[in-house]
Amino acid sequence: MEAIEELSELSEAMRQAAAVLADEDVDETSSSSSKRPSTFLNVVALGNVGAGKSAVLNSLIGHPLLPTGENGATRAPISIDLARDSSLSAKSIILQIDNKSQQDRLSKGASGRSRDEIYLKLRTSTAPPLKLIDLPGLEQRIVDESLLREYVEHNDAILLVIVPAAQAPEISSSRALRIAKEYDSEGTRTVGIISKIDQAASDSKALAAVQALLLNQGPPKTSDIPWVALIGQSVSIASTQSGSASSDNSLETAWRAESESLKSILTGAPQNKLGRVALVDVLAGQIRNRIKLRLPNLLSGLQGKSQIIQDELVRLGEQMVTTAEGTRAVALELCREFEDKFLQHITGGEGNGWKIVSSFEGSFPNRIKQLPLDRHFDMNNVKRIVLEADGYQPYLISPEKGLRSLIKGVLELAKEPSLLCVDEVHRVLLDIVSAAAKATPGLGRYAPFKREVVAIASVALDGFRTEAQKMVVALVDMERAFVPPQHFIRLVQRRMERQRREEEVKNRSSKKASDAEQSILNRASSPQTGGQQQSEGKFEGNLKSLKDKFSKKEKDVPPAPPEGSALKTAGPGGEITAGFLLKKSGKTNGWSRRWFVLNEKTGKQSLLQLGYTKKQEERHFRGVITLE
């Protein structure tokens, strides 16, 4: 236990050194979150459902804190931050839980599964100062690759591979061992634990496999991992809970009894790999190895950082920072650097600077478009407001008072999107302040001054937000209070312009229809022939039969002509004078559709002619057929 405490002090010193190298404030990172950051003292338990992970961790803690059971009592990741307090008795613990919901989830009666971590802080005199993480059984659905990576991939986390003694012969197929090898191929931060030895005491095959693992004579995957055999909490915790264990040394006595029991079961196993005390020593050894690997790089980085600071002192002048004027000059220089970084984010769009433009050009117009304007400009609502717009300002042409009321109500809706835009820009500016402070190299060397600069900037932004909100409300109120008369003048002008355009369209349509009708009448009465060209087709019948035929059809209800074309009448008696007929061609011997017009030429001898064109719009006949 003493070795663990010494390693804890060394680990904390290395964490602070790493924060210095990263230009981070150690006090800020410690106070910003109640949870301990990733250190060499993190221990993650891996194992299948029923492997005894929680029992092993309870043995390390010395108290039955975690729920245990054969069917997966751990339903969510549980993180326990242990702190050693020698002033407490062996039976006393001080447990801190963030809220009641986590307490309910920790209890055995809590149902359901969640990926959210349950975080506990525990002070006791029996536990080493470690951070223990109890993951759910690897077979459970919530334990996926992302959850494992979150806890296992940190280089300084010790991995506890927990396997029941009954499954020792099949250790090569253990998923927990496979995951540990995936993230720690060299085995420098992995510890193997064989649990529930007492339950396999009568299984000679299982005991032989356990002894081979403890002697590093197991499968190749296991030879580079230190292994420890445990009974679990069945001895230590049960002895603590019994009435005979009344002294503060009862836990140590129970752990020694566990070691003796293991020696009697595993007669050929090394003595230094049996029991809870052996587990603590193996953990201390693995943590020491990890610190040794990291220490040279850390020392090299600190030396480089020290040289940078020395060069900075030479640049500023060693006497400058020892006087009030020198300190003020350094502070002003750092403030100018921070201001430059802040302006780069805003004007250059670095970091979150683009979000300011997005707030004005994206979010704000979208919120304006989502306003219920249709409800305010609904015809029924407009009628209601116009009918209520009486009083000392009666209207003749435009209901000015009612329209003013309608416009004021709509402008009032613009206040909420405008205020939301101010709040959104304020949040973006706060993020830019933090980002600019981190991007200023000089501020990283003076962490308290950095915190003060961020705090002052945040207070200033809060004041600017309040002023901006007042200005936005005042601008909207000004627009509501004064609706210019030009608005109503333009309203009447637009209405008159719309009526004028509608009249023009209507007159244009009427004129077009009249011209088309006159053109048809002119063509029917006196078409212009393109010459006395004889038709090569043949036409059977005479004018009388043609007139009788069409007159009979008109008396009945005739079907529509082909392709929607109607027969044209222009005679005083409603005679048919023009229409589409089928004409047989002399060249192709086929029938084609042509427009025929009946024409009577007067002169020395009255002559009836039937002229035709290919289309109704043509002005010259393509051929003329003389009728007898």
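Helices H16 and H18 run roughly antiparallel to each other, because their packing angle is about 165° and angles over 145 degrees count as roughly antiparallel. This is a predicted model. H16 also packs against H12, with the axes coming within 10 Å. Elsewhere, strand S5 pairs with S1 in the parallel sense and with S2 in the antiparallel sense. Helix H3 is mostly covered.

**H16 with H18**
- H16 covers residues 415–439, and H18 covers residues 447–481.
- Their axes lie 10 Å apart.
- H16 passes H18 in a right-handed crossing.
- The residues of this contact divide into 13 nonpolar, 4 polar and 7 charged.

**H12 with H16**
- H12 spans residues 354–369, and its axis crosses that of H16 at roughly 160°.
- That angle therefore makes H12 roughly antiparallel to H16.
- The crossing of H12 and H16 is right-handed.
- H12 contributes Lys355, Ile356, Ser359, Phe360, Ser363, Phe364, Arg367 and Ile368 to the contact.
- From H16 come Pro417, Ser418, Leu420, Cys421, Glu424, Val425, Val428, Leu429 and Ile432.
- By class, the contact of H12 with H16 has 11 nonpolar, 3 polar and 3 charged residues.
- An α-helix has 3.6 residues a turn, so residues three or four places apart point the same way.

- S5 is made of residues 131–134.
- Lys131 and Ile133 point one way from S5.
- Leu132 and Asp134 point the other way.
- All of these S5 residues are buried, the charged Lys131 and Asp134 included.
- S1 (residues 42–46) pairs with S5 in the parallel sense over 4 bridges.
- Within that pairing, Val44 has Ile133 of S5 as its bridge partner.
- S2 (residues 78–84) runs antiparallel to S5, and 4 bridges join the two strands.
- Here Asp81 has Lys131 of S5 as its bridge partner.

**Helix H3**
- Gly62 follows H3.
- The phi of Gly62 is positive, near 95°.

How values were computed: Residues numbered from 1 in each chain as written. Predicted model: local features only at pLDDT ≥ 70, side-chain atom pairs only at ≥ 80, totals over all residues. Heavy atoms only, no water. Buried < 20%, exposed > 50% of the residue type's maximum accessible area, 1.4 Å probe, protein only. Axes fitted to C-alpha atoms, helices over the stretch in contact; angles between N-to-C directions. Parallel < 35°, antiparallel > 145°, perpendicular 65-115°, else oblique. Left-handed = near helix turned anticlockwise from the far one by under 90°. Pairing = 2+ DSSP bridges. Contact = heavy atoms within 4.5 Å.
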